[in-house]
Amino acid sequence: FEFDQASYSFPPGSTVLVRNDDPFFHTFTIDALDIDVELTPGSEELVDMPEQRGAYVVFCRPHTFEPEEPAEDDMAASITIE
C-alpha cells in the first residue's frame, strides 16, 4: 500500500505509465490536476502530465485519509513537473 518511490519528477507534457502490481484496487489521483485513474489489480494506464510546472501530491483514494497533508502511513507521494 505504497508507491514504489516517495517522490517523482517529470518534464512538462510527459506521458507516464502507471501500473498496479498489487492484488488490490488502487487509484492514481492528483486532485490539483484533475487526474483520477482507477487501477484494478494487474492493470496499467498511460497518464498525460500537463504542461504546467509545479509540485503536487499523488495519492490512492481508498488508501489515503487526508490527501492534502498525507500521513506517513497513507498511500501518497509527491510529483514535481519541472
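# Close-up views of the predicted model

**View A. A salt bridge joins the side chains of D36 and R61, with N and O 3.0 Å apart.** The term salt bridge denotes a side-chain nitrogen of Lys or Arg within 4 Å of a carboxyl oxygen of Asp or Glu. Side chains of opposite charge can pair when their charged atoms come close. The structure shown is a predicted model, in which local features need pLDDT of at least 70 and side-chain atom pairs count only at pLDDT 80 or more, whereas totals for chains, interfaces and linings use all residues. Residues are numbered from 1 along each chain as its sequence is written, and side-chain values use heavy atoms, with hydrogens and water left out. D36 is partly exposed, at 43% relative accessibility, and R61 is likewise partly exposed, with a relative accessible area of 36%. Here buried means under 20% relative accessible area, exposed over 50%, and partly exposed in between (1.4 Å probe, protein chains only). R61 also forms a salt bridge with E38, in which the closest N and O atoms are 3.3 Å apart. Since R61 lies in the loop between β6 and β7 and E38 in strand β4, this pair ties together parts that are 23 residues apart in sequence.

**View B. D21 and R19 form a salt bridge.** The closest N and O atoms of D21 and R19 are 3.1 Å apart. D21 is exposed, with a relative accessible area of 58%. R19 also counts as exposed, at 52% relative accessibility. In total, the structure holds three salt bridges.

**View C. R19 is among the residues nearest the centre of the largest pocket.** β2 gives the most, with four residues. The lining comprises ten nonpolar, three polar and five charged residues; Ala, Val, Leu, Ile, Met, Phe, Trp, Tyr, Cys and Pro count as nonpolar, Asp, Glu, Lys and Arg as charged, and the others, Gly among them, as polar. The volume of the largest pocket is about 440 Å³. A pocket is an open set of points on a 1 Å grid over the protein atoms alone, where a 1.4 Å probe fits, with protein on both sides within 12 Å along at least five of seven lines; lining residues have an atom within 4 Å of a point. Grid points are joined across faces, edges and corners, and the volume is the space filled by probe spheres set on the points.

**View D. Strand β3 is buried on both faces.** H26, F28 and I30 cover one side of β3, T27 and T29 the other, and all are buried. Because five of the five residues of β3 are buried, the strand is largely enclosed by the rest of the structure. β3 runs antiparallel to strand β4 (residues 35–39), to which five bridges join it. Two strands pair if DSSP finds at least two bridges between them. The bridge partner of H26 in β4 is L39.

**View E. D34 lies in the turn of the β3–β4 hairpin.** Four residues separate the two strands of the hairpin. D34 belongs to the loop between β3 and β4 and has a positive phi of about 55° although it is not a glycine. Most residues other than glycine have a negative phi. D34 is exposed, with a relative accessible area of 75%.

**View F. I81 is a buried residue of strand β7 in a chain of seven strands and zero helices.** I81 has a relative accessible area of 1%. The C-alpha atoms of I81 and G54 are 5.3 Å apart in space, although the two residues are 27 apart in sequence. From the N terminus on, the elements of the chain run β-β-β-β-β-β-β. The elements are DSSP runs numbered from the N terminus (helices H or I, at least four residues; strands E, at least two). Buried residues make up 37% of the 82 residues in the chain. Along its principal axes, the C-alpha trace spans about 30 × 25 × 20 Å.
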